[in-house]
Amino acid sequence: MASSGETLGQKAPGLAEGAVPRPVLVDLHLHTTASDGRLSPTEVVRLAARRGLRVIAITDHDSMEGITEAQQEAKTHPNLIFIPGVELSTDVPEGEVHILGYFLDPTDPVLGESLMRFRNARVTRARRMVEKLAALGVRVDWKRVVELAAGGAIGRPHIALAMVEKGYIANPQEAFIRYIGRTGPAYVEREKLTPVEAVALVKRRGGLPVLAHPLEDGTGEAILPSLKEAWLVGLEVYYGNYDTAKVRHLLALAKHYDLVPCGGSDFHGLGMPVEAEPGSMGPPMQSALRLLALAGVRT
Ligand code: AMP
Ligand code: ZN
Ligand code: FE
Ligand code: FE
């Protein structure tokens with residue numbers, strides 16, 4: 001990789017504790033059509049480059065199918081460092097925990113097989129949610145849901161989009177609030193790894209595991225010691241729409257557990273009422289450099 005640490009802002013003056021770096025140069029949480037994002041991997045990379053981002057990671061749910069395309073596009077933007085990633089869904093009794101894996105190999109057949117298994121479980125579960133919705137009088141076409149997923153990892157946002165199209169709701173968020181959120185009447189569980197298993201899987205396949213959006217239900221600080229023991233290397237601190245108080249709190253946690261403070265927009269392009277955009281949130285360059293160093297990438 002051509003750029004030096006210095007040109008990447010490594011020597012920039014220190015940020016006030018908990019302040020979001022401006023401009024944002026790093027976004028390590030982006031979705032594409034390989035899962036439930038609405039822009040293709042090429043489009044997401046182009047958008048990120050246009051917004052002046054210098055380091056990005058694409059982290060689709062249970063899929064690295066968009067990575068090769070994104071890597072090709074990223075090569076045409078000399079100022080952009082691209083990190084291959086994935087976001088694994090895991091379960092704890094209190095809720096759902098997402099583990100990000102960075103620097104995994106998109107062509108790794110062993111990892112590929114696991115991801116394929118997770119995606120297949122998503123299909124069965126989405127179909128059951130469509131059936132539950134029908135029983136509640138909300139009739140969305142399964143074929144349309146599959147079409148909306150367009151070969152990517154199928155998820156609740158695809159069902160939500162089909163519901164918007166049919167006029168049952170005004171925007172995808174409403175689907176989660178009224179029907180398919182974790183406590184909603186049409187929600188269906190699927191078999192998932194535990195967070196520790198996901199961290200171990202990422203580690204085993206040579207990647208860097210990072211805990212995503214740590215303030216969601218079930219994530220909690222209680223799981224951090226076990227994840228750290230399983231070799232968690234980072235924690236999302238600069239995430240989505242988190243405010244300064246949340247960022248500060250998470251930054252202190254990251255320091256306490258010696259985890260790299262990571263983050264990003266979690267951009268999907270779903271047309272939600274409030275949605276973070278690529279580059280609207282992200283960690284300081286120093287965090288990206290720490291990850292690159294841990295992965296053995298020369299900058
Ligand atoms: P799934 O992977 O099928 O469990 O769906 C998870 C995805 O649904 C997340 O990555 C978000 O894109 C979206 N999502 C989850 N909860 C909500 C919510 N409350 N409002 C809007 N979108 C949500
Ligand atoms: Zn998503
Ligand atoms: Fe997530
Ligand atoms: Fe995400």
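**Iron site and cavity in a predicted model**

Q: Is the site of the iron ion (ligand 4) in this predicted model tetrahedral or irregular?
A: The angles among the four donor atoms of the iron ion (ligand 4) run from 78 to 162 degrees. To count as tetrahedral, all angles would have to lie between 85 and 135 degrees.

Q: Which protein residues are the donors of the iron ion (ligand 4)?
A: The donor atoms lie 2.1 to 2.3 Å from the iron ion. Along the sequence, the donor residues follow the spacing H-x1-H-x55-E-x178-D.

Q: How far apart are the iron ion (ligand 4) and the zinc ion (ligand 2)?
A: This one is a metal-to-metal distance, taken between ligand 4 and ligand 2. The iron ion and the zinc ion are 4.6 Å apart.

Q: Are His29 and Glu87 buried or exposed?
A: His29 sits in strand E1 (residues 26-30) and Glu87 in strand E3 (residues 81-92), so the pair links parts of the chain 58 residues apart. Buried here means under 20% relative accessible area. Both His29 and Glu87 are buried.

Q: What is the volume of the largest cavity?
A: Searching the whole structure turns up one cavity of 30 Å³ or more. The volume of the largest cavity is about 40 Å³.

Q: How many charged residues line the largest cavity?
A: The lining consists of Asp62, Ser89, Phe118, Arg190, Glu191, Lys192 and Leu193. Sorted by class, two are nonpolar and one is polar, while the charged residues number four.

Notes. Residues are numbered from 1 along each chain as its sequence is written. Chains are lettered from A and ligands numbered from 1 in the order in which they are written. This is a predicted model: local features need pLDDT of at least 70, side-chain atom pairs count only at pLDDT 80 or more; totals for chains, interfaces and linings use all residues. Side-chain values use heavy atoms; hydrogens and water are left out. Donors are N, O and S atoms within 2.8 Å of the metal (3.2 Å for Na, K and Ca); water is not among the atoms, so sites may look incomplete. Four donors count as tetrahedral if all angles lie between 85 and 135 degrees; four count as square planar and six as octahedral if opposite donors are over 155 degrees apart and all others between 65 and 115; anything else is irregular. Helices (H or I, at least four residues) and strands (E, at least two) are DSSP runs, numbered from the N terminus. Buried means under 20% relative accessible area, exposed over 50%, partly exposed in between (1.4 Å probe, protein chains only). On a 1 Å grid over the protein atoms alone, a cavity is a set of points where a 1.4 Å probe fits but cannot get out, and a pocket is an open set with protein on both sides within 12 Å along at least five of seven lines; lining residues have an atom within 4 Å of a point. Grid points are joined across faces, edges and corners, and a volume is the space filled by probe spheres set on the points. Ala, Val, Leu, Ile, Met, Phe, Trp, Tyr, Cys and Pro count as nonpolar, Asp, Glu, Lys and Arg as charged, and the others, Gly among them, as polar.
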